[in-house]
Amino acid sequence: MQKYEKWTSERAIEIIAQHQDQKGATLPILHALQEVFGCVPLEAEPLIADALNITRAEVHGCVTFYHDYRREPPGRRVLKICLAESCQAAGVRALEKRAKEKLGVEMGGTTADARVTLEPVYCLGLCHSSPAAMLDKDVYAGLDEERLDELLKEAQA
Amino acid sequence: MIRIYISRDSGALALGAEAVVKRFEKAAEERGLDIEIVRNGSRGMYWLEPLVEVETDQGRVGYGPVRASKVDDLIEAGILEGKPHEKCIGVVEEYPWFKNQTRLTFARVGTTDPRSLEDYKAHGGYAGLKKALEAGPDGIIEEVLTSGLRGRGGAGFPTGIKWRTVADTPPQQKYIVCNADEGDSGTFADRMIMEGDPFVLIEGMTIAGIAVGATYGYIYLRSEYPHSSVALRAAIDAAREAGLLGDNVAGSGFAFDMEVRDGAGAYVCGEETSLLDSLEGKRGEVRAKPPLPAHIGLFGQPTIINNVISLATVPIIMDKGGEFYRDFGMGKSRGTMPIQLAGNIKHGGLYETAFGVTLGQLVDDIGGGTYSGRPVRAVQVGGPLGAYFPRELFDTPFDYEAFAARDGLIGHGGIVVFDDTVDMAKQAHFAMEFCAIESCGKCTPCRIGSARGMEVIDRIVANENRAENLEILEDLCNTMKLGSLCALGGFAPYPVMSALTHFPEDFGADKKRLEAAE
Ligand SMILES: Cc1cc2nc3c(=O)[nH]c(=O)nc-3n(C[C@H](O)[C@H](O)[C@H](O)COP(=O)(O)O)c2cc1C
Ligand code: SF4
Ligand code: FES
């Protein structure tokens, strides 16, 4: 099952056109592109610059400034582990280590079978029950080793 | 029919609420039970989530935490009749932790169905707008000024003064921007409002719009909150459908409409001018002030930018009056504050109370100390830019000025508890690392200083010229404090210096040397 569409500039232009009339359309366009293609490839930048009548440098600056945007599509599932203070206080560093070992990747990496991308996140607003994580758009809190292992299994399934 | 309540708030979902709902639905089908499940917000008692509340003649009886695998047992034990059980906490509104709060902003959260406009109205919703329309723009601003409400996003600037400034600028396109970036670790109050009572935020923004003559609003929502996004968008559509947004709000002749915009994972975009740049489609770089956003804000137009809680508190101020609100609190900190208890804590959750309660009461009595059962060693208040307080400072009352007097800040009201296994040099290092990751890059002390700060802390810990490097660290912190354009670089020294001052042993430093240096 292919989760993201393959990049074509025709499709990108179509997506850009759907959002370009909003005020301050850059982020909505970038979000929409990433939603469809899983990333914002370099080829998208001149198309956006053209549609919004801004320089390519402005678009490039934007794509690289925000942590959310990617250059390459991620693995089939994205697992984000919260590394901010509240989760640290609840022992997330040990879980982070365990996740990296079990998946065999560093933070920001994608497993060899392209199933899981592991990323850090700084607070999911679930700190009442730290440590917390997010698998795609599903949230998990009160993690311990056992629940993390279940989560890793789910991510790799 | 039996009505039960199970939260759809993402905090409850993260703890398994969805599976509990499914199990109840299945059990009802198997047993032919006539039940209705209402998906409310969370009561804020997250150590009890998923919390199942059953409507009975006495009130809503709560059971928690409920695991999906235990639902059948609970039904056997008579949960649907509100019968006693080891998981039962009795009538939720009588439960001491809940009952002892003063819930003004959060009055409805956990009580109503956040997707239902009728439910919102049945519980006092839109009474504030009605009063606001009677009072008119000047009357609204007077009421907000009287209330003493200060911005709940961190800086604590008086909301009424900000509104007055925008109202006084000549008529033109003006905007209301809601800062829903909630990036601080240890905070989730904004999220709970957006998911548990989104109409109150819409109502607050509408009142703000009428007060200053703004006809359009944006909610800038962090991308880490997908559930809030769904809840807000649904509520905005429902309000528009009911004529409470649009060209003629509630038949008043005032126009106000709004939309949600998603952020893209940059902490600094919580800073108000950086947020405006981001909304305009640029990189979120901090702007120098003046000009104030109140004069030249979004798309160059006069703009009110307020935090979610600030805006969501306006409806009750309009409904009950500014004086009613002002009568809670202490000193210049008026009204109530939704305090968020997080980290290594037994009773993690949201506790709304009048200003003035001490830090120790919050951590020990209300929070119940650590869940690890070990002694509390440090608490960080006010997010990643807030100071670490040791137990010796637990008598500090929750009040903007009292915290500032002790080199701390209350920020957005998040309290993160650490037990005695914490390494404070590591926490200081992380504060610098976070600043380095999130810096917008505009000023050198923040962009470069944070990276240098990490290195210096490494050297101190490794005992390389420790005395000299301690001095360099202090000097660097001062440079960042004085030379940064915004509070990211300007306040990162607070967690660092407080860690060093109160926990010098973790740096291998001598307490006396530090005291002598002050
Ligand atoms: C680095 C940085 C991050 C901030 N993050 C937030 C935030 O996430 N939410 C928020 O409401 N205010 C945040 N603020 C404070 C805002 O700049 C601003 O003071 C606030 O939104 C004004 O609204 P208020 O007066 O209602 O608090 C941040 C400030 C800085 C310097
Ligand atoms: S202090 Fe840091 S985040 Fe703030 S304006 Fe300067 S570089 Fe940007
Ligand atoms: S710090 Fe991890 S969820 Fe907030």
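**Notebook: chains A and B**

I looked up the contact between the chains first: 39 residues of chain A and 58 residues of chain B take part (contact means heavy atoms within 4.5 Å). This is a predicted model, in which local features need pLDDT of at least 70, side-chain atom pairs count only at pLDDT 80 or more, and totals for chains, interfaces and linings use all residues. Residues are numbered from 1 along each chain as its sequence is written, and side-chain values use heavy atoms, without hydrogens and water.

I then took the buried area between chain A and chain B, which is about 3,500 Å², with 58% from carbon and sulfur atoms (the accessible area, 1.4 Å probe, that two parts lose on being put together, summed over both). A:Glu85, A:Tyr122 and A:His128 supply 21% of the area that chain A buries against chain B, more than any other three residues.

Next I checked the cores (buried Ala, Val, Leu, Ile, Met, Phe, Trp, Tyr and Cys residues joined through side-chain atoms within 4.5 Å; buried means under 20% relative accessible area, 1.4 Å probe, protein chains only). The largest nonpolar core has 188 residues, of which A:Tyr66, B:Phe24, B:Trp163 and B:Ile219 touch the most other members. Helix α9 (residues 198–212) of chain B gives the largest share of this core, ten residues (helices are DSSP runs of H or I, at least four residues, numbered from the N terminus). A second, separate core has 32 residues, including B:Trp97 and B:Phe389.

Last, I followed B:Trp163. Leaving aside neighbours within four places in sequence, B:Trp163 is in contact with residues including B:Ile140, B:Ala208 and B:Leu311.

Conventions. Chains lettered and ligands numbered in written order. Buried < 20%, exposed > 50% of the residue type's maximum accessible area, 1.4 Å probe, protein only. Helix = DSSP H or I, 4+ residues; strand = E, 2+ residues; numbered from the N terminus.
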